[in-house]
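The following paragraphs lead through one protein model, from its overall layout to a few individual residues. Please keep the sequence and the coordinates in view while reading.

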Amino acid sequence: MQVILLENVKGTGKKGQIINVSDGHAKNFLLPKKLAAEATKAALNDWEKQKKTAENKRQSEVTAAQELAAKIEKNTVKIAMKVGENGKMFGSVGSKEIAAALSSQFGIEIDRKKVVLDEQIKTVGEKIVPIRIYSEITAKLNVEIVSE
């Protein structure tokens, strides 16, 4: 029997796949638990429409992410920190501060979890910080740490 999986089923397949399974497995397990739907012509047409809609939505998200990446890359964020006499910073700059500075200086709202920092910035100067906007789109933000 051919079915369309509505959920991920371990050992059988992933959500959205059309697979062939035994009649017993489909009628006794997949269909009663609403893990799959029988692959009728109407169900296949609905599945195709959903697939096209999801692809269009994904494409628009990618386009928006690319525009946001271009906007981020052309800007330089300046963050003022207190610096001691020997040039050493008091404290450090993390993803939270970078996201807040990007929001306040340019009006670009970014979740702090998207700012990819290996370790916090502890020195004055310029640093390029990657920002993961979408799964395959990463922008490089120029961050300049200056003394107050």
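Which pattern does the protein follow when read along the sequence? The order is β-β-α-β-α-β-α-β-β, where helices (H or I, at least four residues) and strands (E, at least two) are DSSP runs, numbered from the N terminus. In total, the secondary structure comes to 3 helices and 6 strands. The radius of gyration of the protein is 24 Å, well over the 15 Å that the globule rule gives for 148 residues, so the chain is more spread out than a compact globule. That radius is taken over C-alpha atoms, and the globule rule is 2.2 Å times the number of residues to the power 0.38. Along the principal axes, the C-alpha atoms fill a box of roughly 80 × 25 × 20 Å.

The model is predicted: local features need pLDDT of at least 70 and side-chain atom pairs count only at pLDDT 80 or more, whereas totals for chains, interfaces and linings use all residues. Residues are numbered from 1 along each chain as its sequence is written, and side-chain values use heavy atoms, with hydrogens and water left out.

Of the 148 residues, 30% count as buried; buried means under 20% relative accessible area, exposed over 50%, and partly exposed in between (1.4 Å probe, protein chains only). The protein exposes about 10000 Å², of which carbon and sulfur atoms supply 48%. Contacts (heavy atoms within 4.5 Å) also describe the fold: among those with a separation of 6 or more, residues 24 or more positions apart account for 50%.

In soluble globular proteins, nonpolar side chains tend to be buried together. A nonpolar core is here a set of buried Ala, Val, Leu, Ile, Met, Phe, Trp, Tyr and Cys residues joined through side-chain atoms within 4.5 Å. The largest such core has 25 residues, and Ile-72, Ile-79 and Ile-98 touch the most other members. H2, S4, H3, S5 and S6 each give two or more residues to this core, with the largest share, 5 residues, coming from S6. Apart from this core lies another, of 9 residues, among them Val-9, Val-21, Ala-26 and Leu-35.

Helix H3 (residues 95–106) deserves a separate look. Its 12 residues reach 16 Å from the first C-alpha to the last, close to the 16 Å expected at 1.5 Å a residue. Buried in H3 are Ser-95, Ile-98, Ala-99, Ala-101 and Leu-102. Seen down the helix axis, the buried residues fall within an arc of 160 degrees, so they line one face of H3; the arc is that of the directions from the axis to the C-beta atoms. On the other side of H3, Lys-96 and Ser-104 are exposed. The buried residues pack against helix H2 (41–73) and strands S4 (76–81), S5 (125–134) and S6 (137–147). Leaving aside neighbours within four places in sequence, Ile-98 is in contact with residues including Ile-79, Val-115, Val-129 and Leu-141. Just after H3, Gly-107 takes a positive phi of about 75 degrees.

Two loop residues complete the picture. Asn-75, in the loop between H2 and S4, is buried, with a relative accessible area of 13%. Not counting residues up to four places away in sequence, Asn-75 touches Phe-106, Ile-108, Leu-141 and Asn-142. Lys-34 lies in the loop between helix H1 (23–30) and strand S3 (36–38) and, at 63% relative accessibility, counts as exposed. Most residues other than glycine have a negative phi. The phi of Lys-34, however, is near 55 degrees, a positive value in a residue other than glycine.

Technical notes:
Expected span 1.5 Å × (residues − 1). Areas by Shrake-Rupley, 256 points an atom, 1.4 Å probe, with all protein chains shown as cover.
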